[in-house]
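Subject: Structure handover

Hello,

Here is the structure for you to look at. Please open it alongside this email. My notes come after it.

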Amino acid sequence: MELTNSKQEYLKTIYILKNTEGEIKVTEIANKLDKTKASVNNAINSLKADGLLNYEPYGKIELTEKGEKEAIKIIEAYDIVKLFLTDIIGATEENAKEEAKAIKTALSTDSLNKLARYTHKELGLYSLECGYDIENEKCIKCARRKLKR
């Protein structure tokens with residue numbers, strides 16, 4: 001599924017709010033992203049139509065299983081690109097944050113997987129030669145567990 005950068009940012013924000021705040025409302029998303037409630041409602045309805053959210057007007061927003069998996073992949077892709085930019089090519093933290101948002105959207109899954117393996121190998125964090133695949137939820141959990149060591 002191809003998601004625009006805007007949809008990815010909404011999905012990522014909803015996932016993060018779910019894990020930090022619990023119940024998610026339109027107002028919290030609008031505040032976090034500095035968007036109007038109308039813009040947030042449009043995005044939510046679009047994500048709902050994509051099968052990524054469950055939502056009834058004035059109710060709470062819930063990620064579907066598909067939505068949660070997609071949000072985790074978005075966060076992992078962002079983290080991989082940001083790590084490459086800061087720790088391998090020496091980009092500033094501020095530039096890396098903005099550039100990672102754009103670059104992760106442009107990369108194919110194959111290129112992103114190769115970038116992840118290269119970055120982790122170059123930094124000596126751990127080997128991703130296990131056949132790392134961002135599409136595989138087990139690989140993401142394995143990589144996060146190893147990175148936290």
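First, the ground rules. This is a predicted model, with residues numbered from 1 along each chain as its sequence is written. Local features need pLDDT of at least 70 and side-chain atom pairs pLDDT 80 or more, while totals for chains, interfaces and linings use all residues; side-chain values use heavy atoms, leaving out hydrogens and water.

Overall picture

The protein has seven helices and two strands. These are DSSP runs numbered from the N terminus: helices are H or I with at least four residues, strands E with at least two. Read from the N terminus, the order is α-α-α-β-β-α-α-α-α.

The protein has 149 residues, and 40% of them count as buried. Buried means under 20% relative accessible area, exposed means over 50%, and partly exposed lies in between (1.4 Å probe, protein chains only).

A contact means heavy atoms within 4.5 Å. Take the contacts between residues at least 6 apart in sequence: 53% of them join residues at least 24 apart.

Helix packing

Helix H1 (residues 5-21) packs against helix H3 (residues 37-49) at about 90°, and the axes are 10 Å apart. Axes are lines fitted to C-alpha atoms, for helices over the stretch in contact; angles run from 0 to 180 degrees between N-to-C directions. H1 and H3 are therefore roughly perpendicular, a label for angles of 65 to 115 degrees.

From H1, the residues involved are Lys7, Tyr10, Leu11 and Ile14. They meet Ser39, Val40, Ala43, Ser46 and Leu47 of H3. By type, this contact has six nonpolar residues, two polar and one charged. Here Ala, Val, Leu, Ile, Met, Phe, Trp, Tyr, Cys and Pro count as nonpolar, Asp, Glu, Lys and Arg as charged, and the others, Gly among them, as polar.

Ile29 is buried, at 0% relative accessible area. Beyond its neighbours within four places in sequence, Ile29 contacts Tyr10, Ile14, Leu17, Ile24, Val40, Ile44 and Ile61. Ile44 is 15 residues from Ile29 in sequence, and their C-alpha atoms are 10.0 Å apart.

Salt bridges

How many salt bridges does the whole structure hold? The search finds twelve. Each one is a side-chain nitrogen of Lys or Arg within 4 Å of a carboxyl oxygen of Asp or Glu.

- Lys60 and Glu62 meet at 3.4 Å, N to O. Lys60 is partly exposed at 43%, and Glu62 is partly exposed at 36%.
- Lys69 and Glu65 meet at 3.3 Å, N to O. They are four residues apart in helix H4 (residues 65-88), so about one helical turn separates them. Lys69 is partly exposed at 39%, whereas Glu65 is exposed at 60%.
- Glu93 and Lys82 pair with their closest N and O atoms 2.6 Å apart. Glu93 lies in helix H5 (residues 93-106) and Lys82 in helix H4, so the bridge ties together parts eleven residues apart in sequence. Glu93 is partly exposed at 40%, but Lys82 is buried at 18%.

There is also a network: Glu9, Lys12 and Lys104 are joined by salt bridges that share partners.

Best wishes

Conventions: Angles under 35 degrees count as roughly parallel, over 145 as roughly antiparallel, 65 to 115 as roughly perpendicular and the rest as oblique.
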